[in-house]
Amino acid sequence: EIAIAAGKKAFQNNEFDNQEIALKIAKLRYERANLLGYETHSHFVLEERMAQHPDKVKSFLNDLLTKAKPAAEKEFAELSAFAKELDGIEQLEKWDGAYYAEKLKQKLFNLDDEKLKPYFQLENVLNGAFTIANKLFGLTFTEIFDIDKYHEEVSTYEVKDEFGELVAIFYADFFPRKGKRNGAWMTSFKSQYIKDGINERPHISNVCNFTKPTATKPSLLTFNEVTTLFHEFGHGLHGMLANTIYPSLSGTSVYWDFVELPSQVMENWCYEPEALALFAKHYETGEIIPQEYVDKIKESASFQEGMATLRQLSFGILDMAFHSNNPSVITNIKAFEKTAFEDTSLYPDVAENCMSVSFSHIFAGGYSSGYYSYKWAEVLDADAFAYFQEKAEVAMLRFFFKYLS
């Protein structure tokens, strides 16, 4: 019931229904593109992206779909069989997936968050990220206490290079509080730019919502939260290492389908034994995380990756369906969505649910004709990290973070 209620957001034919609003947004975007001489909104947007054209995005998504779908179908069949064996479930529904996936993951890998969390104390993980940044880019992070900040829980760090020159000011805001939105993100309070011969250095922030420490226990992270910290820190490094003339082109102000590459490259270090040895230490004993846990973390990284890929592809395909065509032909948004999802669906459709009307990424969050960027950047990141491992050259990663910002 909770899952169905969540899926009904803004899809109940009442004053909060978003069907007409979503269609209006899509139509206005299409009309604007036409006025500017473009065929569709996607043609307009993608002109200034790496992909450049909607046909290239569709080809990219369909190529991944061809590769991922057999694996996803196999994984779904395994999950369905497991749910039937465990609880007699005849038909796996969307709201069953996460529960049985976690049960199956525990069975296969005997690894859960409660086993791992004692090894991921927030302060250790952050210092590990700092150490990796030092080894890769020669950066040092020193906490300072004389800079104004917007909340007492925010920590501030002076970032310097190997020559002792100021690179950036870094703000870390890691705990939930009243009035603070959920999620995790990187932002810039001051961009880097060069004016009158002076290289103005950036002020960069990472914001997350981790469990607060208590009087008897520090803030301990799940492994997903560890990867989140490294992900946002990758965005942060992208901003900190900026070195351009104009603020409008500085740091993360790059092509949208490139911007997730530095962040996703950094996530790879969470799976490397050498990196984990720097920060994955038991908060009570100081013991480094056992190698068997490291092996299981790496093994479980690809658990149900086919299904996860298919899910992401479905969102990108839906985005392009709205924005690379004339939306005036859409008469029923639910039917339109169902058609778009046809090749990526594993679970039965839920008639009373509709994702499009609460798909904030493409209607409010700036990802219109850009949702494919997540998978695009994953492909780039896989290639980049494989090359890094093959050549073991820090210079290559310096290039990605510093000279493409």
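1. Start with the hairpin of strand 2 and strand 3: five residues sit between the strands, and Gly-164 there takes a positive phi near 80°. Helices (H or I, at least four residues) and strands (E, at least two) are DSSP runs, numbered from the N terminus. Bear in mind that this is a predicted model, where local features need pLDDT of at least 70, side-chain atom pairs count only at pLDDT 80 or more, and totals for chains, interfaces and linings use all residues. Residues are numbered from 1 along each chain as its sequence is written, and side-chain values use heavy atoms, with hydrogens and water left out.

2. Strand 2 and strand 3 pair in the antiparallel sense over six bridges (pairing takes at least two DSSP bridges between two strands). Glu-158 has Ile-169 in strand 3 as its bridge partner.

3. On to the whole sheet: it is open, with five strands in the order 1-2-3-7-4 and mixed pairing. Strand 1 (140-144) and strand 4 (185-190) are at the edges with a single partner strand each, so one side of each lacks a neighbour in the sheet.

4. Strand 3 and strand 7 pair in the parallel sense over five bridges, and Asp-173 has Val-207 in strand 7 as its bridge partner. Strand 7 (residues 203-207) also pairs with strand 4, in the antiparallel sense over five bridges; there, Thr-187 stands opposite Ser-205.

5. Now for burial (buried means under 20% relative accessible area, exposed over 50%, partly exposed in between; 1.4 Å probe, protein chains only). Seven of the eight residues of strand 3 are buried, so strand 3 is largely enclosed by the rest of the structure. Helix 8 is also largely enclosed, because 16 of its 18 residues are buried.
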